[in-house]
Amino acid sequence: MCELPNVLKAYEKYHAKGFEIVGVSLDSDKSKLTSFMKAKNMTWQQFFDGQGWKNKVAQKYGVNSIPATYLIDKEGKLIAKNLRGEALEQAVAKALGEK
């Protein structure tokens with residue numbers, strides 16, 4: 001199942017409350033990435049270096065499958081990873097102090 005609809009839902013619901021996404025692209029063609037982001041209304045920043053699976057950020061953080069999610073608090077502490085579906089939205093709400 002594609003995880004993007006869940007990510008978009010969480011972003012739309014919580015972005016104004018402080019939730020931010022930084023994407024790491026494993027693409028090698030920037031024009032395809034840009035077109036995809038526009039078509040899917042992905043307005044967050046995207047790190048792209050054109051190296052595909054050898055992307056330096058992906059390598060640094062051990063990304064070996066996609067999607068990979070890392071929820072980081074305001075102090076930079078990792079509080080959850082590899083969240084899917086409703087678990088993503090619930091974790092974001094909790095991190096932002098919402099019920």
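Alanine 87 lies in helix H4. Helices here are DSSP runs of H or I with at least four residues, strands are runs of E with at least two, and both are numbered from the N terminus. The model is predicted, so local features need pLDDT of at least 70 and side-chain atom pairs count only at pLDDT 80 or more, while totals for chains, interfaces and linings use all residues. Residues are numbered from 1 along each chain as its sequence is written, and side-chain values use heavy atoms, with hydrogens and water left out.

Alanine 87 is partly exposed, at a relative accessible area of 34%. Buried means under 20% relative accessible area, exposed means over 50%, and partly exposed falls in between (1.4 Å probe, protein chains only). Valine 63 is 24 residues from alanine 87 in sequence and 20 Å from alanine 87 in space, C-alpha to C-alpha. The buried residues of H4 are Gly85, Leu88, Glu89, Ala91, Val92 and Ala93. They pack against H1 and S3; contact means heavy atoms within 4.5 Å. After H4 comes glycine 97, with a positive phi near 80 degrees.

Now turn to H1. Its buried residues are Leu4, Asn6, Val7, Leu8, Ala10, Tyr11 and Tyr14. H2 and H4 are among the parts that cover them.

Tyrosine 11 leads on to the aromatic residues. Rings of Phe, Tyr and Trp (its six-membered ring) pair if their centres lie within 6.5 Å; planes under 30 degrees apart are stacked, over 60 edge-to-face, and the rest tilted. The count comes to two aromatic pairs. In one of them, the rings of tyrosine 11 and tryptophan 44 have centres 4.9 Å apart and planes at 70 degrees, so the pair is edge-to-face. Tyrosine 11 is in helix H1 and tryptophan 44 is in the loop between H2 and S2, so the pair ties together parts 33 residues apart in sequence. Both tyrosine 11 and tryptophan 44 are buried. Tyr11, Phe19 and Trp44 form one aromatic cluster.

Finally, the largest pocket. It holds about 1400 Å³ of space. On a 1 Å grid over the protein atoms alone, with a 1.4 Å probe, a pocket is an open set of points with protein on both sides within 12 Å along at least five of seven lines; lining residues have an atom within 4 Å of a point. Of the 40 lining residues, Ile21, Val22, Gly23, Ala68 and Thr69 are the closest to the centre. Elements giving two or more residues to the lining include helix H1 (4-14) and helix H4 (85-95).

Notes. Points joined across faces, edges and corners; volume = space filled by probe spheres on them.
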